[in-house]
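Let's take a walk through this one, from the overall build down to a pair of strands. Have the structure open and follow along.

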Amino acid sequence: MRDVAIVSFAQFNSPGERQRNEVEMMMPVIAQVRDRIGIDKDRIGFVCSGSSDYLAGVPFSFVTTLDAVGPWPPIAESHVDMDGAWALYEAWVKLQLGHVDTALVYAYGKASPGDIRRTMTRQLDPYTLGPLWPDPHALAGLQARALLESGRIAEADMAAVAARSRNAARSNPHAVVSGDESAEALLAEPTTYDPLRDHDCPPVTDGVAAVVLAAGDAARELCERPAWIRGIDHRVDAHAIGVRDLTTAPSAALAGERAGVTAGPVDVAELHAPWSHQELVVAEALGLRDDVDVNPSGGALCANTIMAAGLIRLGEVAERIWDGRADRGVAHATSGPCLQQNLVAVLEGE
Amino acid sequence: MSTENVAIVGIGQTHHTATRGDVSIAGLVREAALRALDDAGMTFADIDAVVIGKAPDFFEGLMMPELYLADALGAVGKPMFRVHTAGSVGGSTAIVASDLVAGRIHRRVLTVAFEKQSESEAMWALSTPFPFQPPMHAGAGGYFAPHIRAYIRRSGAPDHIGMLVALKDRRNALKNPYAHLHEPDITFESVQESIMLWDPIRYSETCPSSDGAMAMVMVDEALGDEAAAAGRAPAWIHATAMRSEPTLAAGRDQVSPRAGRECAAALYAQAGITNPFEEIDAAEIYVPFSWFEPMWLENLGFCAEGEGWKLVDAGVTALDGDLPVNASGGVLSTNPIGASGMIRFAEAALQVRGQAGEHQVAGARKALGHAYGGGSQFFAMWIVGADKP
């Protein structure tokens, strides 16, 4: 495989971006991700983005948001209706072909204008599950209940994840939620989607994330300590929640194995776990040891820009490799109900 | 750095029609996938990764359908990828799938593109208002008609050119059992007399709304050689290219977009083609409204600017002409939007495999697949050949 690294990253998250449309929200972030490494738009060899028309409420919404990257003269470009982590995967594949040395990846989503709990139900099997309109918190609640009943976790474990994430988010300017409560205090709060409490669920978030990938010497030129992608893989599980053991995430385990997570020590892991119990499921699937620093950004529990939250995990790990806080880190992204689809990447400094 | 040669060893499609009420969305894509696997002598178990594409999720009212389709496409435990690049998506999906083999990530990739337009009304799904943008309340035809009028004004093309294209494509479709529209009684007069929808686009000069899916199996060189040795000649990918430009920009030429010209130039350079008209034996070009055939002939460099309509007029693009265009009947005869680009790409592959049946172009060794989308700002193209690149 050709050596490819994350060399720049920028993000913006807001609990409700009411003043600006998607393009206006994106432009400063796209500018920032380029300026950070002093790269001109014409030096980018490939552009790939991730977004969902169902958040924007219009078909072909990505068509207009392409304006944010200034695609003139014409550019080599592609788009996925998936989290930006998968757009990064497509760009990584493109860089493997050797025709281009750099790629810009971006993803965005505005969940606040609609009712995200209803919107996400449109992602379910349209014949058997979608017509029941089960919202994502309800499905996650079923998963949490299955975990609790299996005896593998206790409600206190979920509260501990939430408390640690909210405390970590206090030092993350991009988090939209943070707090200094103890796990005990959180556990004392009422349940909203039994057994989930508010802090077990992700906040509604609008936002955008952008990453620059570069291969080989181009990466070394653009970044003092590139975050090399040593392994990256994604897998999907069955869709119907009735045929899955919701207490596990086999596709995350498989992707983690193929990405080589356990081939070396892991200093930091950013796991895309929008609900607190999901962090425990993913950490176990990836075989992370207890000493791994999990979600130092606060994770998706504190900023969950749908379509970008997975890409942000990759960027957060890269940040820690660039500045030497970590030598080897794991980034994870998920999509679909109850961790149906998972992507795992292993990033390393030199 | 060399890339892996990619072979197309399986092609399968549904019979395209207005309403496939007998199957679910999963049933529709599975039908095409199973036919492609059967053609490749494989089963789902042989496949390493699945790449699917379709146009907006609103067309079926299903957000990110790849999640629900994972089971039906045998993707459980595998990578499942979803592409969406507007109308060019069928083409870009094929390219993204081929990259997985070219980059030696996987050896056997299944790619599927589909649309089940009967689940909704695409005309209205295409007509939602975008803030700060000119409204498109008349569907795609209303959007593109002014581009066509500009082309006619610039080139001085006579009125009958569009009707000739429509007549040719609909007649070609009679030779393609999978095509949606089969109109044995069509005549120049019946096209001419059909109702004017968006001047100068008549009803018979516009694409239908179809339910349908197209699938392909792509493999690496060793497996392509195996298929050839077993008497199942593959189509080899010689070049792929994608280009995009802004929807609205000062000086942007929507009649012959720069992104299309540059995409074609990059494609030919990669395929070692210096004279596309001479070297390409068959072309499947995305022509949803008749007049786009001469427009794209020029944009693709098959002729000089302003000359495309003359090729049409002289019958050069007919099935027995020097450059047969849309021998399959094209988008004018079959349009499951998200699949339409992949149908172009796969029909080009069928031609060089010599498997196009009644609409086979005699002696086709090298073929072009072309797709465009949005307001003519997204392009995806490939060149496939009977010989290895």
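You're looking at a predicted model, where local features need pLDDT of at least 70, side-chain atom pairs count only at pLDDT 80 or more, and totals for chains, interfaces and linings use all residues. Residues are numbered from 1 along each chain as its sequence is written, chains are lettered from A and ligands numbered from 1 in the order written, and side-chain values use heavy atoms, with hydrogens and water left out.

Start with the size of chain A. A compact globule of 350 residues would have a radius of gyration near 20 Å, and chain A agrees because its value is 19 Å; that's taken over C-alpha atoms, the rule being 2.2 Å times the number of residues to the power 0.38. The C-alpha atoms fill a box of roughly 55 × 45 × 40 Å along the principal axes.

As for what's tucked away, 67% of the 350 residues in chain A count as buried (under 20% relative accessible area, with a 1.4 Å probe and protein chains only).

Chain A has 12 helices and 12 strands; these are DSSP runs numbered from the N terminus, helices being H or I with at least four residues and strands E with at least two. Now find strand β3 (residues 77–80) of chain A: E77(A) and H79(A) point one way, S78(A) and V80(A) the other, and all are buried. Strand β2 (residues 46–50) of chain A runs parallel to β3(A), joined by four bridges (strands pair if DSSP finds at least two bridges between them). Across from H79(A) in β3(A) you'll see S49(A).

Note on methods: Buried < 20%, exposed > 50% of the residue type's maximum accessible area, 1.4 Å probe, protein only.
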